[in-house]
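The structure is shown first, and notes on its elements follow.

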Amino acid sequence: MNNKLLEVKNLTVTLDNGKTLLNDISFCLEHHQCLGIVGESGCGKSLTSKAIIGLLEPYFSVQGKVLFNPKQSKITLQSNGDLLKQNHETLRHIRGNAISAILQHPMNAFDPLYCIGNQVVETLLAHLTISKKQAIEKTLTMIADIGLNDPKQIFKKYPHQLSGGMLQRIMIGIALMLEPELIIADEPTTALDSISQLHILQLLKNIKQKSKTAMIFISHDLSVIHHIADHIIVMNQGQIIEQGSCDHIFYHSKNDYTRYLIDTRKQLLAKFNDVIHPNRLETI
Ligand SMILES: Nc1ncnc2c1ncn2[C@@H]1O[C@H](COP(=O)(O)OP(=O)(O)OP(=O)(O)O)[C@@H](O)[C@H]1O
Ligand SMILES: [Mg+2]
């Protein structure tokens, strides 16, 4: 799998009661590539990302292979790099160093009892060889970079004192600072207003271009995916319906469900533009 960073093979997730939630999901991600996953609510996007990084609760049964082949990381992986076969400790190590996850519900990612700044500093100290003073400086710079005002005040806030969108931006900031080989971003811009969405999208695009980090970018918003993804997977009811290049999915797909998603998005945009921007043209 030389040039492949990640190879997901026949990933199937079932519940205790036998209900299949993900059915035979297979795809590859090359080094430096951005893979978009789209599909309607409940189709299995978050489950796919959580299964890959070993964050599913124990009552899910997971089958298949998730082969991870990092170039830079010094972690030794067992079983040909199959993430589904690593122990807890190795997985935690991978999540900190080689893979960063920006989760859909950011509140769960932070400890409610500690201020945000200290949590970011602790994370940096655990993964980078820098002093505490440098970690604090880096954190303050990052808070400004992700577009939040008054970094010193934000540093001292507790998670419940910040909005979901602010916490999500901080998770993105942490991912950007750790410079992992893979960022998994689950709806990273959905909780944000449209100006912040553009800002964050630009930050993620910059990291894709500069650090050449590979990305799995999950969104139900086709225009966001269109801006960032090289390759796209379309999911419906726990299955992959179609996958292909961004160009293929948006402009040449003959698949009924893919066309339905794109046409619905176009109709929504047309309606929105009619009302808000009667003279503006959208590309998708
Ligand atoms: N903890 C759970 N227990 C039982 N079923 C679950 C659990 N988590 C998710 N599911 C089910 O798995 C399916 C896929 O959920 P998932 O969260 O992956 O959807 P999604 O595509 O991320 O949707 P959204 O766009 O709303 O975030 C849904 O039918 C959901 O009800
Ligand atoms: Mg989700």
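Predicted model: local features only at pLDDT ≥ 70, side-chain atom pairs only at ≥ 80, totals over all residues.

I232 has G244 of β9 as its bridge partner. The two strands concerned, β8 (residues 231-236) and β9 (residues 239-245), run antiparallel and are joined by 6 bridges.

Between the strands of this hairpin there are 2 residues, and Q237 takes a positive phi near 45°.

β5 pairs with strand β6 (residues 182-186) in the parallel sense, over 4 bridges. Within that pairing, A101 has I184 of β6 as its bridge partner.

## Helix α3

Helix α3 runs over residues 116-127, which makes 12 residues. From first C-alpha to last it reaches 17 Å, close to the 16 Å expected at 1.5 Å a residue.

The buried residues in α3 are I116, G117, V120, V121 and L124. They lie on the same side of α3, because the arc they cover around the axis is only 130°. An α-helix has 3.6 residues a turn, so residues three or four places apart point the same way. What do the buried residues of α3 pack against? Their packing partners are α4 (132-145), α5 (151-156) and α6 (164-178).

Terms used. Residues numbered from 1 in each chain as written. Chains lettered and ligands numbered in written order. Expected span 1.5 Å × (residues − 1). Buried ≥ 20, exposed ≤ 12 C-beta atoms within 10 Å, placed from the backbone. Arc of directions from axis to C-beta. Contact = placed C-beta atoms within 7 Å. Pairing = 2+ DSSP bridges.
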